[in-house]
Amino acid sequence: SHVGLTCMRCNLLVESVRTARTLPLQVIPVLLCTFFNSFRSFGFRFIQYAYLTNEFGLSDVDAGYYLGIEAWLKTVFGLIGAIAVDHVGVRRLALLALTVAAVGRGILTFATTRAWLLISIVGFTPTGEALLSTGLYRVALRKLTTSRNRALAFAIEYATFNLSGAFADMVIDGLRSHGDVSAFGRSWSPLRQMTACTWLAVLLAWCVAAAFLSDVRVEDPDDEDLNPSPNPDGDPTPTPTPATRRASWVAACKSSVSVVRLRAFWRALAFTAAVFLISKQWGD
C-alpha cells in the first residue's frame, strides 16, 4: 500500500507539471503582482495598530476608530471595483489602483503628523488598495486559463499569496531584531521600515503591471460566456473593443440584478453579517 501511495503521488506530481506547462507566460506577471500585493497587505496589516499608536501618538481607541473607517471605505470601493473590472479591464484598473495605492502608502511611510496620516488611510488607501483586494488578479487568471488548468493556476496563486504573507512576517521579525536605523536625516523605527518595505512592494507591483500585465484571455471551448469566439490553438486574444466593453458592462449589471434576486444570495449575506464581528476580532 505504501508503494501504491507513493506511485499515486508521483503520478499526481507528473500530471501537475504537465498541466502547469499548458499555462501561458502571461500568468507569471499575474503571480508576481499577487506576491507583491500580498506582501503589501499582510506586511502592514500585522503592524498597523502599533504603527498608528507608536509613530503618530494615537490611542488604541483612536487607532481602531480610524482603521474602522478605512475598512468601511474599502468595502464600498471594493464593490465598485468588482463591478468595474470587466468594464475597465484588468491592466488599466490595476495601474490605476496601484498608482493611488503607491501615493497613499508613500504618504503613510514618510508622514509624521496626524493630518497626513488621515489623508493616507482615509483618502488614498481605501480608494487604491480596495481595488487590489477584490480578486483583481484572480480575474486575470480566470481569463488566462481554461477548465483544464484553472484549478492548478488558482492553487498556485493561493500558495503565492500565503507564501508572501509568511515572508512579510519574517521581514518584520528581521527588522525588529536590528532596531532603529538612520536614513534621510531621521531615525526609522522597525515599524516605519516595514511600512517602507510595503511601499516598495507597491512600486514593484506597478512596474510589473506596467511592463508585463495585459488584457488577454485564452479561449476555452468549455466556457462559452468567457470565450464567445472559438480559438482552437488556445492563443491569447486581444481585449474586446469599446462596443463589446459597453455590452459586457450592461451584461454585468443584468447579472448583478439576477444575483440579488436569489434567496441563496440573501442567506449568504445574512450569514456574513452574523460572523462579521467574529472575523474582525480574529483578523485584528
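1. Let's start where helix 2 meets helix 8: L31, T34, F35, S38, F39, F42 and G43 on the helix 2 side touch I156, E157, T160, F161, S164, G165, F167, A168, V171 and I172 on the helix 8 side. Contact here means heavy atoms within 4.5 Å. Sorted by class, that contact has 10 nonpolar, 6 polar and 1 charged residues; Gly counts as polar, while Asp, Glu, Lys and Arg count as charged.

2. A quick word on the source: this is a predicted model, where local features need pLDDT of at least 70 and side-chain atom pairs count only at pLDDT 80 or more, while totals for chains, interfaces and linings use all residues. Residues are numbered from 1 along each chain, and side-chain values use heavy atoms, leaving out hydrogens and water.

3. How are the two helices set against each other? Helix 2 (residues 27–45) and helix 8 (residues 150–178) pack at about 40°, with their axes 8 Å apart. Helices are DSSP runs of H or I, at least four residues long.

4. Now look at helix 3 (residues 48–56), whose buried residues are Q48, Y51, L52, T53 and F56. Buried means under 20% relative accessible area, with a 1.4 Å probe and protein chains only. Their cover includes helix 2, helix 4, helix 5, helix 6 and helix 9.

Terms used:
Axes are lines fitted to C-alpha atoms, for helices over the stretch in contact, and angles run from 0 to 180 degrees between N-to-C directions. Buried means under 20% relative accessible area, exposed over 50%, partly exposed in between (1.4 Å probe, protein chains only).
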